[in-house]
Amino acid sequence: AVPSAGATARRQADCTDILRKQRPAPARTLLFFVHSAYVLTICQLYGMICKSLLSKREYHQIRIPCDLHGEKERFESMNFAIIGCGVIAFTHAKALEALRGEDCVLYGACDIIPEKADAYAAEHGVPHVYYDYHDVLADPAVDIVCVCVPSGTHGEVCKAAAEAGKAIVCEKPMEITPEKIADVIGVVERTHAKMQCIFQRRMMPVAIAVKQAVAEGRFGRICLAGADLKYYRDQAYYNSAGWRGTWEQDGGGALMNQGVHGIDLILWMLGDEVSTLYGRAETLARDIPVEDTAAAVLNMKHGGICVIQGCTTAYPGFSSTFYIHGEKGTVVFNDEGILEWKFLDEADAPQRPDMGERVGGAGDPTKIGNYGHICLLRDIAQAVRDGRSPAIPPQEAALAVRVICSIYESTRTGRPIVF
């Protein structure tokens, strides 16, 4: 007869008890340590295998889950305050609205123009309004500040926030020169502040899949890569705010303000170092002192060429397009979808990912999607709770600005720049 489940369980328990009684205590202790060492060794080997496929930096960055529809846990509440109530602040508000169920609270809003702060607070139901960012930093109820002020003042606010013990979300670019970025990084490291830099395109499923494929060598040798960043901003856009299109506060034009997202993305996906760069940045259509049209050729350390084109003069504005061509594969995608996903070994090709939400904003800065902001604001809140580094710390936000400033320098000197 077949024994019942209960009888089988009792028999297993009896056998285990007999073995436990027969085994001397020192032997049981030795067995425990041997088993623990075995488990630890397996875990270490798994980590070594992962890190052999990806560098430490890449291993960290590809681990970005962003499930917007799964079941949510309850978390410790995090109070966010927006500093600077301009156009991009509305994207932050929409992202925080989406995260309300995860205890991310839009607690405060600040702008040096009281009418803007009041209107923003009224539209988004923000309970606390400030007209000086120092008052935000002095409020002990504020956990995280979103720095949405003009680019040339990002560093000032971020450093003050770090000194005040706040966690920080900083819009792109983190600052407008490599020297100022290094200054911010120094303060953040000294104060151990948590700081998230906004490069929301890194959250696109296709971008993560491409970076993974590059890291795994699926493209073979990458010969040519590039980013076509063709925006449209009319003269009224530049006239609408005194800081736009200025060296002092915007840090540049089409590259530093709009193109920085795409430049960061192509360099992040490639995971390679720049060797030399030659670029041209010109003002061809707008009445501004900075560039509205630019192009550059980057020679990468491992031999490939990366081409960057950026402008705010391409009517009516086009989806940013990214391409990577290797000896064993090609991927081309833009804001609308994946245009090419082809690999020489079709049987072992990386899985074609979903495109995800549209990024938007090519022709209208108010049409930027909020998927990436949701991911990054969620991540900084969880980083604070877990005591870990956020997905895009300031050390990883520096390269795009360095490349852009080198394009400006190459334009001024007429010579290539050696990195």
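Two rings of Phe, Tyr or Trp (for Trp, its six-membered ring) form an aromatic pair if their centres lie within 6.5 Å. In this predicted model, such ring pairs join F219, W341 and F343 into a cluster. The structure holds seven aromatic pairs.

Let's look at one pair, Y232 with Y315. Its centres are 5.1 Å apart and its planes stand at 85°, which makes it edge-to-face (planes over 60 degrees apart; under 30 counts as stacked and the rest as tilted). The two partners are 83 residues apart, so this pair links distant parts of the chain. Y315 counts as exposed because its relative accessibility is 61% (exposed is over 50%, buried under 20%, partly exposed in between, with a 1.4 Å probe and protein chains only).

| Residue | Loop lies between |
|---|---|
| Y232 | β7 (222-230) and α10 (235-239) |
| Y315 | β10 (305-311) and β11 (321-326) |

Now for two helices, which, like strands, are DSSP runs numbered from the N terminus (helices H or I, at least four residues; strands E, at least two). The axes of α11 (residues 254-270) and α13 (residues 399-413) come within 9 Å and cross at roughly 120°. Axes are lines fitted to C-alpha atoms, for helices over the stretch in contact, with angles from 0 to 180 degrees between N-to-C directions. Contact residues (heavy atoms within 4.5 Å) include L255 and D264 of α11 and L399 and Y408 of α13.

Residues are numbered from 1 along each chain as its sequence is written. Local features need pLDDT of at least 70, side-chain atom pairs count only at pLDDT 80 or more, and totals for chains, interfaces and linings use all residues, while side-chain values use heavy atoms, leaving out hydrogens and water.
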